[in-house]
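I opened a new page for this chain.

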Amino acid sequence: MMKHLNILFLVLALTVAFMPQKAQAMDPVTIAILAPIAIKAAEAARPYVIRGMINLGKGFVKIFKSAFGIVYLPYGLGKMMFGWPWGGFRSGVIYTMRGLIAPCKMIFHTILLPLYTVGLQINNS
């Protein structure tokens, strides 16, 4: 088995070592001609990029808010264990459930982050 892995590694190393390298460069005249067009395109895209970054920031706030909700889990468990004689069991169960739901919400918001960038609004906090 080890002999086969060594041969495979050697073949891969030789393949990478002897691959033809292609480097293509643009001449400075082409760059000088295309620079004003690129600047105009960047200026036209600026409002959309700014709006996307603002929406991305809102998405990150949702993710961090959900991540912070994980703190409810130990708080709720402690409240259930030590606060039950004084009526804290019910609120402890509620906090524990919030703490168990928080990682799922965090994963959900993380998966939807690219959609938040383009302006998707989900009404669950």
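I took contact to mean heavy atoms within 4.5 Å. With that rule I looked up Leu-56, leaving aside residues up to four places away in sequence: Leu-56 touches Leu-113 and Thr-117.

A note on my source: this is a predicted model, where local features need pLDDT of at least 70, side-chain atom pairs count only at pLDDT 80 or more, and totals for chains, interfaces and linings use all residues. Residues are numbered from 1 along each chain as its sequence is written, and side-chain values use heavy atoms, without hydrogens and water.

**Core.** I searched for nonpolar cores (buried Ala, Val, Leu, Ile, Met, Phe, Trp, Tyr and Cys residues joined through side-chain atoms within 4.5 Å). Buried means under 20% relative accessible area, exposed over 50%, and partly exposed in between, with a 1.4 Å probe and protein chains only. The largest core has five residues: Leu-56, Ile-63, Leu-112, Leu-113 and Tyr-116. Helices α2 and α5 (113–117) are the elements that give two or more residues to this core. Of the 125 residues of the chain, 16% count as buried.

**Helices.** I read helices (H or I, at least four residues) and strands (E, at least two) as DSSP runs, numbered from the N terminus. The chain has five helices and zero strands.

**Rings.** Which rings pair? I counted rings of Phe, Tyr and Trp (its six-membered ring) with centres within 6.5 Å; planes under 30 degrees apart are stacked, over 60 edge-to-face, the rest tilted. This gave three aromatic pairs. One of them is Phe-60 with Phe-64, stacked at 6.3 Å centre to centre and 20 degrees between the planes. Both lie in helix α2 (residues 28–68), four residues apart, about one turn of the helix. Phe-60 is partly exposed at 35%, and Phe-64 is exposed at 57%.

Next I checked Tyr-72 and Tyr-95. Their ring centres are 5.4 Å apart and their planes at 10 degrees, so the pair is stacked. Tyr-72 lies in helix α3 (residues 72–82) and Tyr-95 in helix α4 (residues 89–111), so the pair ties together parts 23 residues apart in sequence. Ring pairs link Tyr-72, Tyr-75 and Tyr-95 into a cluster.

**Charges over rings.** My rule was NZ of Lys or CZ of Arg within 6 Å of the ring centre and within 35 degrees of the ring normal. Lys-62 lies over the face of Tyr-116, at 4.7 Å from the ring centre. The charged end of Arg-98 sits over the ring of Tyr-72, 5.8 Å from its centre.

**Overall form.** The C-alpha trace spans about 80 × 60 × 15 Å along its principal axes.
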